[in-house]
Amino acid sequence: MAANDIFARIIRGDIPADIVYRDENCIAFRDINPQAPTHILVTPIKDLSGLQTAGDDDAAVLGHLMIVVRKVAEMEGIIESGFRCIINAGPDGGQEVPRLHIHVLGGKRLGAMLR
Ligand code: AMP
(Lines give C-alpha, C1' and ligand atoms only; values in the text may rest on other atoms or scores of the structure.)
Protein backbone atom coordinates (compact mmCIF):
# COMPACT_ATOMS: atom_id res chain seq x y z
CA MET A 1 0.00 0.00 0.00
CA ALA A 2 1.30 3.46 -0.90
CA ALA A 3 2.49 5.63 1.98
CA ASN A 4 0.24 8.42 3.13
CA ASP A 5 2.68 10.53 5.13
CA ILE A 6 2.55 14.28 4.58
CA PHE A 7 5.51 14.26 2.18
CA ALA A 8 3.91 11.48 0.11
CA ARG A 9 0.88 13.74 -0.18
CA ILE A 10 3.11 16.61 -1.34
CA ILE A 11 4.72 14.29 -3.92
CA ARG A 12 1.27 13.32 -5.22
CA GLY A 13 0.21 16.96 -5.34
CA ASP A 14 -2.56 16.44 -2.80
CA ILE A 15 -1.27 19.28 -0.61
CA PRO A 16 0.71 22.33 -1.71
CA ALA A 17 4.40 22.93 -1.07
CA ASP A 18 7.03 25.34 -2.33
CA ILE A 19 8.76 22.82 -4.59
CA VAL A 20 12.23 23.91 -5.76
CA TYR A 21 13.34 20.74 -7.56
CA ARG A 22 11.79 17.54 -8.85
CA ASP A 23 12.96 14.58 -10.90
CA GLU A 24 11.90 10.97 -11.33
CA ASN A 25 13.55 9.89 -8.07
CA CYS A 26 13.12 12.74 -5.62
CA ILE A 27 11.55 16.05 -4.75
CA ALA A 28 12.86 19.08 -2.84
CA PHE A 29 10.68 21.72 -1.21
CA ARG A 30 10.96 24.46 1.40
CA ASP A 31 10.41 23.51 5.01
CA ILE A 32 7.19 25.03 6.32
CA ASN A 33 8.96 26.03 9.56
CA PRO A 34 12.41 27.16 8.39
CA GLN A 35 15.27 27.08 10.87
CA ALA A 36 17.60 29.08 8.60
CA PRO A 37 17.22 31.47 5.63
CA THR A 38 17.50 28.41 3.39
CA HIS A 39 15.79 25.30 4.75
CA ILE A 40 14.91 22.74 2.12
CA LEU A 41 13.84 19.12 2.48
CA VAL A 42 14.96 16.53 -0.07
CA THR A 43 12.95 13.32 -0.03
CA PRO A 44 12.72 10.30 -2.33
CA ILE A 45 9.71 9.45 -4.47
CA LYS A 46 10.17 5.85 -3.35
CA ASP A 47 8.40 5.10 -0.11
CA LEU A 48 11.18 4.82 2.45
CA SER A 49 10.27 5.45 6.07
CA GLY A 50 13.73 6.61 7.10
CA LEU A 51 17.44 5.99 6.94
CA GLN A 52 16.91 3.31 9.57
CA THR A 53 14.97 1.17 7.09
CA ALA A 54 17.18 1.73 4.03
CA GLY A 55 18.54 -1.45 2.47
CA ASP A 56 21.49 -2.30 0.26
CA ASP A 57 19.26 -1.83 -2.78
CA ASP A 58 18.62 1.78 -1.78
CA ALA A 59 22.25 2.82 -2.34
CA ALA A 60 21.50 4.42 -5.71
CA VAL A 61 18.58 6.49 -4.44
CA LEU A 62 20.55 7.59 -1.36
CA GLY A 63 23.45 8.66 -3.55
CA HIS A 64 21.05 10.48 -5.84
CA LEU A 65 19.60 12.41 -2.90
CA MET A 66 23.07 13.67 -1.99
CA ILE A 67 23.70 14.89 -5.53
CA VAL A 68 20.35 16.69 -5.47
CA VAL A 69 21.37 18.29 -2.16
CA ARG A 70 24.37 19.74 -3.96
CA LYS A 71 22.19 20.95 -6.86
CA VAL A 72 19.73 22.57 -4.47
CA ALA A 73 22.60 24.28 -2.61
CA GLU A 74 23.82 25.66 -5.94
CA MET A 75 20.33 26.84 -6.87
CA GLU A 76 19.98 28.55 -3.48
CA GLY A 77 23.36 30.28 -3.80
CA ILE A 78 24.84 28.65 -0.70
CA ILE A 79 27.35 26.33 -2.33
CA GLU A 80 30.25 28.70 -1.53
CA SER A 81 29.04 29.99 1.84
CA GLY A 82 28.32 26.47 3.02
CA PHE A 83 25.39 24.52 4.33
CA ARG A 84 24.46 21.71 6.67
CA CYS A 85 22.62 18.45 5.95
CA ILE A 86 20.67 16.71 8.67
CA ILE A 87 18.85 13.39 8.60
CA ASN A 88 16.74 12.71 11.67
CA ALA A 89 16.21 8.96 12.04
CA GLY A 90 13.70 7.44 14.43
CA PRO A 91 12.39 8.65 17.79
CA ASP A 92 15.69 9.47 19.47
CA GLY A 93 16.80 11.22 16.27
CA GLY A 94 13.76 13.49 16.47
CA GLN A 95 12.20 12.28 13.22
CA GLU A 96 8.64 13.55 12.95
CA VAL A 97 7.69 12.72 9.37
CA PRO A 98 8.03 8.98 8.60
CA ARG A 99 9.63 9.38 5.17
CA LEU A 100 13.37 9.66 4.69
CA HIS A 101 14.32 13.28 4.11
CA ILE A 102 17.45 15.38 4.20
CA HIS A 103 17.27 18.84 5.72
CA VAL A 104 19.47 21.34 3.83
CA LEU A 105 20.17 24.41 5.95
CA GLY A 106 22.16 27.48 5.06
CA GLY A 107 22.18 31.19 4.45
CA LYS A 108 23.61 32.03 7.87
CA ARG A 109 26.44 30.86 10.09
CA LEU A 110 25.04 27.83 11.91
CA GLY A 111 26.15 27.09 15.44
CA ALA A 112 28.05 23.98 16.42
CA MET A 113 25.74 21.10 17.23
CA LEU A 114 27.89 18.06 17.89
CA ARG A 115 29.68 17.99 21.21
P1 AMP B 1 11.81 15.72 10.88
O2 AMP B 1 11.66 16.15 12.31
O3 AMP B 1 13.24 15.45 10.49
O4 AMP B 1 10.89 14.58 10.54
O5 AMP B 1 11.43 16.97 10.01
C6 AMP B 1 10.15 17.20 9.53
C7 AMP B 1 10.14 18.58 8.93
O8 AMP B 1 9.03 18.68 8.07
C9 AMP B 1 10.02 19.71 9.95
O10 AMP B 1 11.16 20.57 9.83
C11 AMP B 1 8.72 20.41 9.55
O12 AMP B 1 8.78 21.81 9.70
C13 AMP B 1 8.58 19.99 8.10
N14 AMP B 1 7.22 19.98 7.59
C15 AMP B 1 6.14 19.40 8.15
N16 AMP B 1 5.06 19.56 7.36
C17 AMP B 1 5.47 20.23 6.26
C18 AMP B 1 4.83 20.71 5.08
N19 AMP B 1 3.53 20.50 4.85
N20 AMP B 1 5.57 21.37 4.17
C21 AMP B 1 6.89 21.59 4.39
N22 AMP B 1 7.55 21.17 5.47
C23 AMP B 1 6.85 20.50 6.41
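The model is predicted; local features need pLDDT of at least 70 and side-chain atom pairs count only at pLDDT 80 or more, while totals for chains, interfaces and linings use all residues. Residues are numbered from 1 along each chain as its sequence is written, and side-chain values use heavy atoms, with hydrogens and water left out. The protein contains two helices and five strands (DSSP runs numbered from the N terminus, with helices being H or I of at least four residues and strands E of at least two).

**Overall fold**

- Along the sequence, the elements follow the pattern α-β-β-β-α-β-β.
- The radius of gyration is 14 Å, close to the 13 Å that the globule rule gives for 115 residues, so the protein is as compact as a globular protein of that length (the radius is taken over C-alpha atoms, and the rule is 2.2 Å times the number of residues to the power 0.38).
- Taken along the principal axes, the C-alpha atoms fill a box of roughly 40 × 30 × 25 Å.
- Of the contacts between residues at least 6 apart in sequence, 55% join residues at least 24 apart (contact means heavy atoms within 4.5 Å).

**Burial and charge**

- Buried residues account for 37% of the 115 residues (buried means under 20% relative accessible area, exposed over 50%, and partly exposed in between, with a 1.4 Å probe and protein chains only).
- The protein carries 12 positive and 15 negative side chains, and the centres of the two sets lie 6 Å apart (Lys and Arg count as positive, Asp and Glu as negative; His and the chain ends are not counted; each charge is placed at NZ of Lys, CZ of Arg, CG of Asp or CD of Glu).

**Arg99**

- Arg99 lies in the loop between strand S4 (83-86) and strand S5 (102-106), and Arg99 is buried, with a relative accessible area of 1%.
- The side chains of Arg99 and Asp5 are joined by a polar contact of 3.2 Å (a pair of N or O atoms within 3.5 Å; within protein, one must be able to donate a hydrogen and the other to accept it, and residues adjacent in sequence count only if both atoms are side-chain atoms).
- A polar atom of the Arg99 side chain lies 2.9 Å from the backbone oxygen of Pro44.
- Beyond its neighbours within four places in sequence, Arg99 is in contact with residues including Ala3, Phe7, Ile11, Lys46 and Ser49.

**Glu76**

- Glu76 is in the loop between helix H2 (59-75) and S4, and counts as partly exposed at 23% relative accessibility.
- The side chain of Glu76 makes a polar contact of 3.4 Å with that of Thr38.
- Leaving aside neighbours within four places in sequence, Glu76 is in contact with Val20, Arg30, Thr38 and Ile40.
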